[in-house]
Amino acid sequence: MNEPIVARHWLTTAAPKAAPAVGTTTVLALARIWNANGAEHSVGNAALMAVLAAGAAAGGASLARAGEPVLAATGYAVSGSLALAGVAGYSDGLSLPVLLWALATVLAYCFAARHWRQDRRDALDHERHMSERREEHAHIERVETLRATTQIEVARAGGAYAEQLAQALVTRATLPGFVLTALESAGLPELPVTRDER
């Protein structure tokens, strides 16, 4: 039972770990571009982002009550992103947006770490289960191989014994004084009588 060897590229492993930082950095960069294009000190734009953030948070809360944890987490992430974008777009300095970016990145990693731990536990449980099944199948395969080998050896030994018995009877029949009925009286099965013996 050979398992294929899969060599994963380091980017495949690192990409999920970088996703929270990439997401928050993208939101900050887009918000600062929006700030440079007229959103700075714009109450209307800030109010719009506040309403959108509140709506996303309310959607996340309702999805959490409905038993959809993944969609609820997505709603909360969208709400936080909109709030970050609103503050970064409204403010004139860079210190508050960078502070919020750092806070949002830390929170994103805290939430993601929980899911990564659960995924790692699930992967280890699956690997352990598959290993047990492989061991069980290998044990059954070994037992069946031993059983088949034993049956072949028994059949081979029985065939060799029958061949030796036939050879012995043929050899005995050529000796002088051989009486066929003596074998029958000794309890051996009756041998077919050839025409020459009649």
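Helix α3 has 22 residues, and its first and last C-alpha atoms lie 31 Å apart, close to the 32 Å expected at 1.5 Å a residue. The expected span of a helix is 1.5 Å times one less than its number of residues. Helices here are DSSP runs (H or I, at least four residues; strands are E, at least two), numbered from the N terminus. This is a predicted model, in which local features need pLDDT of at least 70 and side-chain atom pairs count only at pLDDT 80 or more, while totals for chains, interfaces and linings use all residues. Residues are numbered from 1 along each chain as its sequence is written, and side-chain values use heavy atoms, with hydrogens and water left out.

**The chain as a whole**

- The chain has 5 helices and 0 strands, so you will read α-α-α-α-α from the N terminus on.
- Of the 198 residues in the chain, 16% are buried, where buried means under 20% relative accessible area, exposed over 50%, and partly exposed in between (1.4 Å probe, protein chains only).
- Among contacts with a separation of 6 or more, 63% join residues 24 or more positions apart; contact means heavy atoms within 4.5 Å.
- The accessible surface of the chain is about 14700 Å², and 65% of this belongs to carbon and sulfur atoms. Such areas come from the Shrake-Rupley method with a 1.4 Å probe, and for residues only the protein chains shown count as cover.

**Buried residues of α3 and α4**

- In α3, the buried residues are Ala72, Gly75, Ser79, Leu82, Leu84, Ala85, Gly86, Ala88 and Gly89.
- Their cover includes α1, α2 (43-65) and α4.
- Helix α4 has 80 residues, which should span 118 Å at 1.5 Å a residue, and the 115 Å between its end C-alpha atoms agrees.
- Pro97, Thr105, Ala112, Trp116, Arg134 and Ala138 are the buried residues of α4, and what covers them includes α1 and α3.

**Where α1 meets α3**

- The axes of α1 (residues 10-39) and α3 (residues 69-90) come within 7 Å and cross at roughly 40°. These axes are lines fitted to C-alpha atoms, for helices over the stretch in contact, and angles run from 0 to 180 degrees between N-to-C directions.
- On the α1 side, the contact is made by Thr24, Val27, Leu28, Ala31, Arg32, Trp34, Asn35 and Ala39. On the α3 side, Ser81, Leu84, Ala85, Gly86, Ala88, Gly89 and Tyr90 take part.
- The residues of this contact divide into 9 nonpolar, 5 polar and 1 charged. Here Ala, Val, Leu, Ile, Met, Phe, Trp, Tyr, Cys and Pro count as nonpolar, Asp, Glu, Lys and Arg as charged, and the others, Gly among them, as polar.

- Methionine 49 lies in α2 and is buried, with a relative accessible area of 11%. Leaving out residues up to four places away in sequence, methionine 49 touches Trp34, Leu82, Ala85 and Gly86.
- Leucine 30, in α1, is exposed, with a relative accessible area of 54%. From leucine 30 to alanine 85 is 7.6 Å, C-alpha to C-alpha, although they are 55 residues apart in sequence.
- Serine 91 sits in the loop between α3 and α4 (95-174) and is buried at a relative accessible area of 11%. Not counting residues up to four places away in sequence, serine 91 touches Arg32, Asn35, Glu40 and Pro97.
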